[in-house]
Structure formats: C-alpha cells, structure tokens
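Hello,

Here is the structure you asked about. My notes follow below it.

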Amino acid sequence: MSEPVIDYQAVFQALPGMVALLKPDLVYADANEDFLRFSGRSREQLIGHYLFEVFPDNPNDPEATGARNLEASLRRVLASGERDTMALQRYDVQSRDHPGVWAERFWSPINAPVKTEDGRVVLLVHRVEEVTELIRARSRTDGDRTRVLEAELYTRARELQQVNERLRQAHTHEREVALALQDAMLPPPFIADHHQVAVRYQPAVSALNVCGDWYDLVELDGEQMAVAVGDVVGNGLAAAGVMGQLRSALSAAMRVSASPARALEALGLYARSVKGAESTTAVSVHIDWDSLSLTYSSAGHLPPALLRGDGTVVFLDQATDPPLGARLEPMPRPEARQGFTGGDVLVLYTDGLIERRREDIDVGLGRLTRALISHLTLQPEQLADALLLDLLPTGGATDDTALVVLRL
C-alpha cells in the first residue's frame, strides 16, 4: 500500500491553536484558521501586511511593552536560528469593528525558525495561546484557590521575563567587552611586504559562543616564518583571557624553539598552569623558503590545507597529537614535513569555518577543498573573503572562526 500524499497546506490550516508564518521582514506570509478567528482579523487584513501595523501597541497605555517584547523575540530567532519561548504577555488588541476601542488581552507566544539546509532562516513560526481568561481569574473572589494560583503564573512570568532581559543585556555587554579584548590581542600581523598574507577573525553570532580562537605569524631568521592557529574550549571573557595567555606563550615559544613540535611541547607545559586551558587545540607550521618545505605539528587541531598551483589540495595531517593537557605526563609531540612550490597557498583555520552539528568532519573538509579549488587564482585577501562567504552559514557563524591565508 502506497504512502498517502500529505497536503501540508491543509495540515497547517487544521492545526489546533493560533499559528502564523512571518517572513524575515515580519510581514505575514500565512495564518491558520484559529489565528484568524481568535485574533479577529481576516486573511486580507493579515497576509502581506507588517505584523506591527496590524497589531500595534495600545497607544492609550504608556506602559505597553507587548510589541517591543514580541519584536525582540522574533529578532532573536532570526539572529540565532533557535526557538524562543516568551513569558506571558499583555498585548491589547484593537477592535476590528470599532477603531480606537482596545480590549485587554493576554497571550503566551512561542516563536520558531524555518531554516534552509545551510542554516538560513527563511520563515518564522509564530504560535500564540490566549490566556486572557486565566489572568482575569486573578481578580475574582470566588474562593477558587486553584484559579488564583494559576493567575499568579502571570506575575511570575513577568518577573522571569525581566530577569531574562537583564541576562541578555549582561551577555551583550560581555560580548562587546570580549570582542574588544579579542581585537586588542589579535592585531594585524607585522609581516614583510613581500609576503602575501591575509588574516580574518569572524565572531560567532551568539553572545555566548565567542572569543576562544586565535592566529599568529612570526618572522624568523633568514627566509623563515612560523604560523599558528589555536582554539580554546569555552567562550566569553574567560575564553578570551585564556586565549591571550596561550597565544602569547606560543608566540614566544615559536621564536626560540628549534621546531613546531618543541614549541607545542613548551605550550603544553605552560598550559598546565593556566585554568581553562585544558583541551585547547593548536597547530604550528614552520615555513622555510630556502628549502621550500613546511614543518608542522598539531595538538588535536584541524589540518592546515596546502593549495597547490595545479589545483590539488593537500592536508597537513601526518603529525597530529592530542590537545593540550590531554595526557597525564608530557611526551614529545610528532612532527612532519611537506614540500611546496612557490605560489602555493597555505591555509590555517579553526573549526568554526568547516564544522557543522551532526555532520562528519570529512564533509566539512570536502567543502573546504572544493572552495579552495574553485578560487584557485585569487590573491590571499580575496581568497580569505571568498572562503568565509562560501563556508560560513548564511545566518552567521555559530562558532568563532580564525583564518590565515598565506601565498608561499
């Protein structure tokens, strides 16, 4: 027996409860029958119209916050791609038949994203339940203790909403401080003019998932350079602080160590004294233009990519060891060498560039390979921008990303 063909438009219209679809510009795209019936609006009054033109705040209530709170929730869903459950809201509705007459109404809204495969939010599902009768029960004196307790939920919900708003403001402030700290600790590299190099730091869209990644480039004696990227586990100001300490330590170690492996060994020893440095990943590459060779070592980090002039991509994955602090006792780290030809491009990056939830890492590496090959002829500055555009989710990075592109 064949599976029935599902008419999703009919399913949407039959959904119990008030459900509407909004475009990213907050214009109504559709609404089910319950939404039309309980909101007191016709389809013609909704579809194609801006949400807050149809349902503005009550101008007679100077303390009205329903529209502002709802818009903030919808904007969060657009920015984060995550569902947002709001506290109970007072949101008065103007009579359709009597303009200027407003009815006191209370609602329980939930807003959720509809996303494409690449994570871009294309629609917002706006679902509301009217709880006006529940709230009005609070003023009754019929001795019904249960209904009075239920009505208290509104007061508690409002208190919770205020706490959440303060938390969001605190997280926003922390993000601003952390990004400022990150910017101060990741200055543009001072590299000789004959080297073609581009560096990028792309913060995550979330205030809670930023500031653990770094890059560094160090010119050494002769025709040599050391390049590194790293990623601290954690986020926010704590991760930014750890990042600054580890970046400085590795920068110093690369200047005095005989090889990348020795530099990472020194960093591993130092990381034992830094709270929050456990499980940090890093990779260091030593470039020697005299011998046309790359010497590299990795502490649990994703492999750098070498884009050859013939359009092939080689990943530097032959010297990978556990992240910092993963072993109880320090041990020598492995090291490997890879030859290159003048004009090849070396790319170092952190996991925000290629990793996606519930996706094998090889899929992300394949995506990076295709992007590199498709932009073979670009200079480092243009290539760095093209990689971010091609590989980061359209809705914004879910993890911060550091990127170094160097023409050899």
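Buried residues make up 47% of the 408 residues in the protein chain; buried means under 20% relative accessible area, exposed over 50%, partly exposed in between, with a 1.4 Å probe and protein chains only. This is a predicted model: local features need pLDDT of at least 70, side-chain atom pairs count only at pLDDT 80 or more, and totals for chains, interfaces and linings use all residues. Residues are numbered from 1 along each chain as its sequence is written, and side-chain values use heavy atoms, with hydrogens and water left out.

The protein chain has 11 helices and 19 strands. These are DSSP runs numbered from the N terminus: helices are H or I with at least four residues, strands are E with at least two.

Helix 5 covers residues 66-80. Buried residues in helix 5 include Gly-66, Leu-70 and Val-77. Gly-81 follows helix 5, with a positive phi near 70°.

Now Thr-350. Where does Thr-350 lie? Thr-350 sits in the loop between strand 18 (345-349) and helix 10 (361-374). Thr-350 counts as buried because its relative accessibility is 0%. Leaving aside neighbours within four places in sequence, Thr-350 is in contact (heavy atoms within 4.5 Å) with residues including Asp-213, His-301 and Asp-400.

Regards

Key. The expected span of a helix is 1.5 Å times one less than its number of residues.
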